[in-house]
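Hi everyone, thanks for coming. Today I'd like to walk you through one structure, piece by piece. Have a look at it first, and then we'll start.

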Amino acid sequence: MSTNTTGRRGKDDDVLELIHTVMHQYRARQYRFLRDGPSDITHMEGKVLGFFDRHPGGTQSDLAQHSGRDKAQLARLIKGLRDKGLLDAEADEADRRQVRLRLSDAGEQVQRELRRQARQVSAHALTGLSAAEQQQLMALLKRVQANLGDE
């Protein structure tokens with residue numbers, strides 16, 4: 001962390017700290033919805049549902065590779081979602097050892113509700129910003145993202 005001669009944080013650190021704080025507030029609203037909502041799922045279960053919504057027919061290995069999470073932890077999450085009737089599984093026709101996962105009808109309904117709630121939180125967060133300001137914010141954040149991606 002950079003500091004100036006008075007020992008206070010530098011400007012760059014304050015901007016990144018604010019980005020961190022905004023994301024923490026956004027996620028806190030998501031967690032409250034998950035905790036208090038009709039779905040009774042955890043944040044990680046929501047992330048797993050989101051993965052299989054974007055990658056229907058994916059495998060536990062695909063999820064592990066994408067998320068970097070421990071396979072045993074993912075196996076427990078997947079089992080829990082299957083037990084809740086939110087994920088369907090079928091053996092791969094080419095390799096019967098592989099299990100292909102996709103959202104069940106109930107899982108699709110939960111995922112739709114999670115997306116709806118995320119849009120509400122996003123709209124609330126951007127209240128008062130014009131379309132041009134939103135585009136400028138997006139462009140600036142993409143530049144910061146690109147800078148951090150440079151190695």
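Let's begin with a pair of helices, H2 and H5: they pack at an angle of about 105°, and their axes are 10 Å apart. One thing to keep in mind throughout is that this is a predicted model. With that angle, H2 and H5 are roughly perpendicular to each other, because anything from 65 to 115 degrees counts that way. Which residues make this contact? On the H2 side they are Gly46, Leu49, Gly50 and Asp53, and on the H5 side Val110, Gln111, Leu114 and Arg115. Sorted by class, the residues of the contact of H2 with H5 are three nonpolar, three polar and two charged.

Now let's turn to another partner of H2. H2 also packs against H4, at an angle of about 80° and with the axes 10 Å apart. H2 and H4 are therefore roughly perpendicular to each other. Here H2 contributes Met44, Glu45, Val48, Leu49 and Phe52, while H4 brings Leu77, Ile78 and Leu81. What classes of residue do we find in the contact of H2 with H4? There are seven nonpolar residues, no polar ones and one charged.

Let's stay with H2 itself for a moment. H2 has 12 residues, which at 1.5 Å a residue should span 16 Å; the end C-alpha atoms are 17 Å apart, so the two values agree. Its buried residues are Met44, Glu45, Gly46, Val48, Leu49, Gly50, Phe51 and Phe52. And what covers them? The cover includes H3, H4, strand E1 (87-91), E2 and H5.

As general background, nonpolar side chains in soluble globular proteins tend to be buried together.

Setting aside residues up to four places away in sequence, Leu87 touches Val48, Leu49, Phe52, Ile78, Leu81, Arg82, Arg102, Leu103 and Ser104.

Arg82 is partly exposed, since its relative accessible area is 43%. Beyond four places in sequence, Arg82 touches Leu87, Ala89 and Leu101.

Finally, two loop residues. Are they buried or exposed? Thr59 lies in the loop between H2 and H3. Thr59 is buried, because its relative accessible area of 3% is under 20%. Apart from neighbours within four places in sequence, Thr59 is in contact with Phe52, Gln98, Val99 and Arg100.

Asp40 is found in the loop between H1 and H2. Asp40 counts as exposed, because its relative accessibility of 58% is over 50%. Not counting residues up to four places away, Asp40 touches Leu34, Glu45 and Lys84. The C-alpha atoms of Asp40 and Val110 are separated by 9.8 Å, with the two residues 70 apart along the chain.

Key: Residues are numbered from 1 along each chain as its sequence is written. Side-chain values use heavy atoms; hydrogens and water are left out. Contact means heavy atoms within 4.5 Å. Helices (H or I, at least four residues) and strands (E, at least two) are DSSP runs, numbered from the N terminus. Buried means under 20% relative accessible area, exposed over 50%, partly exposed in between (1.4 Å probe, protein chains only). The expected span of a helix is 1.5 Å times one less than its number of residues. Axes are lines fitted to C-alpha atoms, for helices over the stretch in contact, and angles run from 0 to 180 degrees between N-to-C directions. Angles under 35 degrees count as roughly parallel, over 145 as roughly antiparallel, 65 to 115 as roughly perpendicular and the rest as oblique. Ala, Val, Leu, Ile, Met, Phe, Trp, Tyr, Cys and Pro count as nonpolar, Asp, Glu, Lys and Arg as charged, and the others, Gly among them, as polar.
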